[in-house]
Amino acid sequence: MKIIKNETIIQEVKRLCQEANYALPQDVYQALRHAYETEDSKLSKQTLEVLNQNAQIAQETCSPICQDTGMACVFVEIGQDVYVDGSLSEAIHEGVRQGYEAGYLRKSVVDDPMFDRVNTQDNTPAIINYDIVEGDQLKIIVAPKGFGSENMSQVKMLKPSDGVEGVKDFVLKVINDAGPNACPPMVVGVGIGGSFDRVTLLAKKAMLREIGSHHPDPRYCDLENELLEKINQTGIGPAGYGGKTTALSLNIETYPTHIAGMPVAVSICCHVARHKEVIL
Amino acid sequence: MKTITTPFTKEDALSLKAGDQVLLTGTIYTGRDAAHKRLVALIQENKPLPFDVKDQIIYYVGPTPAKPGHVFGSGGPTTSGRMDAYAPTMLSLGLRGMIGKGYRNQDVKDAMIQYSGVYFGAIGGAGAYIGKCVESCEMIAFEDLGPEAIRRLVVKDFPLTVIIDAQGHDLYDIGRKQYLGGKKDE
C-alpha cells in the first residue's frame, strides 16, 4: 500500500491548474501549426497565426491562453492500493483554490446555478470524476474547461435503427449549431453507448485523448477520419470567418449499451484544449 | 487596414462593411451577462447608467486578474449571444458598437439596422494576445461581480473584424458561402 499525503495532492493540483492554463498541450500546438500550413483562405490563415502567437505569448509570460480559465474538471484514477492521508476531494478543491488565486486565473464559478448565481471567488468547487483502478498509483488530470465551447456540447438518445448515419447527422448538426460560438478550430470528442450519464463522460474523455490517436476498432477509426473530414467541409473555418480548419481533431470513445438504446454525446472544446496530468 | 476610434459615431458605423478588418484605438467598456442584466434593470427603473453609452463600444469580456506590474490580464471575447436579450435596449440608447464572438439573433440584427450599430468580432481564444492591446483599465461599476464588473479600458490597435454591419450583412454567412463557393479571398 502506498500512502500519499494530502499536502502533496494540494500542491500538485495547484501546479497543474496554472500550467494547464499557461501552456497548450504539445499535440494541440502542433495541430495548430499544421492547420496554419494547410489553410488556404487569407483571413483564416491570419486567424491561425494570431492563435499561434497567442499560445507563445501565454507560455513565455505565464499568462492564461484564454481569459476563460474554466471550471476545473479533474479526472482521478486512484489505485485500490493507494491510501490518501486526509480527504482526497478536499485536497483537490484546495489545490484548485490555491492554483487559481496564485496563478491570477479567473474565478468563473457561481454557487447556486439558477437563483443566486453568486461568484464563489475561488473557482471552487471543481468537478471531480473518480475511477478506481488496480495498482498503487494516483493519476490526476486537470482539464480546465471554458464554457464558450461547453455550452455548445450536446447529447442525444438515438434509436438503434438510426445507425451510423444517425450518429453522423447528429455530430454535424452539433458542429453547425456551435459554429463561431465555440471558438473554432474546435477539438471534438464523441461518446457512443453507455447510458445518458456515461455517454457524456465518454465524450469528454474522447475530447481529452491525444490528437492523432485513434479508436482501436478500425470501424470507429474510419468514422473518426470521415467525421473530421466532413466537419472541415462545412466551411465554418477559424473564428467562423469561412475556411478549411473548423476542427483540429475528432476522437470517439465507446462503451456497451442497452438493447433499446444508442446514446451519443458530442463534447466540444475550442482550440484551447487544456489538460495536464501527474502520476503520484 | 482601417483605424477606428471612440467616440464611434453613426457616420463611422455606416462606413464599415461586414468582413472589414479594423484596428480600434480609444476608450471602450467591458460588460457581459451579469452586468448587462443590471444595466437593463437600471434602464427599466429610469435610473442613470454608470456611463453614457451613446456612441460607445461595449466589449463582451471577463478578463483574468492582472498580475502585479501589469494593467490587464488575458481578455479575449466571450460568446455574444448571451447578451442578445439585452443588446436591442442598449442599441436604442445609442450604443454604437459591440465586440464579441459568435452568432447574434434576428432581434439584435434588426436593432443594429434601426439604430446603426456595428458588431465586431475579436478572435476567440486569443486572450493573452488581445490583453497586450490594453493600455489602462479602471473599474467603474458593479465591483462585486468580479470578472463581470464593468471596466473602462483604453486600448491601442485592438485588431477586430466587422461581423455584422449596420446594414445587417453577416460575415458568418458571407465568409462561409464564399469559402464553399471556392472563392478564396486572395
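Colleague: How many residues does chain A give to its contact with chain B, and which helix of chain A supplies the largest share?

Modeller: In this predicted model, the contact draws 38 residues from chain B and 41 residues from chain A. The residues on the side of chain A that touches chain B divide into 20 polar, 17 nonpolar and four charged. Nine residues of that side, the largest share, come from residues 42–61 of chain A, which is helix α3.

Colleague: What distance separates the centres of domain 1 and domain 2 of chain A?

Modeller: The domain assignment of chain A places residues 2–20 + 65–145 in domain 1 and residues 148–273 in domain 2. Taken over C-alpha atoms, the centres of domain 1 of chain A and domain 2 of chain A are separated by 26 Å.

Colleague: Which classes make up the side of domain 1 of chain A that touches domain 2 of chain A?

Modeller: The contact between these domains takes five residues from domain 2 of chain A and six residues from domain 1 of chain A. By class, the side belonging to domain 1 of chain A has two charged residues, one polar and three nonpolar.

Colleague: Why does the radius of gyration of chain B agree with that of a compact globule?

Modeller: Chain B has six helices and seven strands, and along its principal axes its C-alpha trace spans about 50 × 40 × 25 Å. Buried residues account for 48% of the 186 residues in chain B. The value for chain B agrees because a compact globule with 186 residues would have a radius of gyration near 16 Å, and chain B has 16 Å.

Note on methods: Residues numbered from 1 in each chain as written. Chains lettered and ligands numbered in written order. Predicted model: local features only at pLDDT ≥ 70, side-chain atom pairs only at ≥ 80, totals over all residues. Contact = placed C-beta atoms within 7 Å. Helix = DSSP H or I, 4+ residues; strand = E, 2+ residues; numbered from the N terminus. Nonpolar A, V, L, I, M, F, W, Y, C, P; charged D, E, K, R; others polar. Domains from an automatic or database assignment. Rg over C-alpha atoms; globule rule 2.2 N^0.38 Å. Buried ≥ 20, exposed ≤ 12 C-beta atoms within 10 Å, placed from the backbone.
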